[in-house]
Amino acid sequence: MLDSTALFSVHAVSAEYVRPLRRTILLDNQTDSSRFRGDDEPTTLHVAIYRSERIIAVATVCREALPGSQDDTAWRLRGVAVEEHARGYGFGRTLMKACFDHARRHGGRLAWCTARETARGFYEALGFASSSPPFKLPSRGDLLFYEMHYVLPGGPISDVE
Ligand SMILES: CC(C)(COP(=O)(O)OP(=O)(O)OC[C@H]1O[C@@H](n2cnc3c(N)ncnc32)[C@H](O)[C@@H]1OP(=O)(O)O)[C@@H](O)C(=O)NCCC(=O)NCCS
């Protein structure tokens, strides 16, 4: 249960700030795998939600074509993680909105991700779909993943990041 009087804020941060939650929630605490390709690209956005001084949710979006494609209007979501006690309050949706707005501001037309099976419903709730069968990753043979896509909406976006 979250403290309803706590203050929450959303910030663009550098990669080092998102890695601790990535590591503990998504990567079984493996330090060496918490750096992702694209982390340090100038167009990449790392977004963090703070509860007072503490980061409780993180996500990253970087320009990356779909496997087998060269489309530079595709943006990949990575390292989407919300602390367990803070799930179900809309923080994941807030992170995704910040990522979508950033991608669109940089000419993005498509968002995609490699979603683990347990998060598939979250992405579907946001409008993502998958059209190919699930697969396993060499680094995570214990999990099933789905490549999921979302066509970014057109129209105006605010300048505030
Ligand atoms: C997946 C995760 C990021 C969702 O974050 P969250 O803050 O709980 O999500 P939200 O509260 O913003 O939920 C947004 C919508 O998705 C739905 N949703 C969230 N998690 C879901 C799930 N696991 N299965 C089905 N639907 C889900 C919510 O019901 C909500 O739908 P609604 O707006 O129609 O009511 C979070 O559960 C998490 O960090 N999980 C562990 C790490 C992980 O799996 N990350 C994704 C890696 S691919």
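This is a predicted model: local features need pLDDT of at least 70, side-chain atom pairs count only at pLDDT 80 or more; totals for chains, interfaces and linings use all residues.
I sorted the shell around the ligand by class and got 12 nonpolar, six polar and three charged residues. Here Ala, Val, Leu, Ile, Met, Phe, Trp, Tyr, Cys and Pro count as nonpolar, Asp, Glu, Lys and Arg as charged, and the others, Gly among them, as polar.

Numbering runs from 1 along each chain as its sequence is written, and side-chain values use heavy atoms, with hydrogens and water left out.

Next I checked who comes nearest: of the 21 residues around the ligand (a heavy atom within 4 Å), these are Val-80, Val-82, Gly-88, Gly-90 and Arg-93.

A ligand oxygen is 2.7 Å from a polar backbone atom of Val-82. For Gly-90, a backbone N or O atom lies 2.8 Å from a ligand oxygen, and for Tyr-89 I read 3.4 Å from a polar backbone atom to an oxygen of the ligand. Alone, the ligand exposes 910 Å², and the protein buries 69% of that (Shrake-Rupley, 1.4 Å probe).

I also looked up which helix or strand (DSSP runs of at least four or at least two residues) gives the largest share of the shell: helix 3, with four residues.

Terms used
A polar contact is a pair of N or O atoms within 3.5 Å; within protein, one must be able to donate a hydrogen and the other to accept it, and residues adjacent in sequence count only if both atoms are side-chain atoms.
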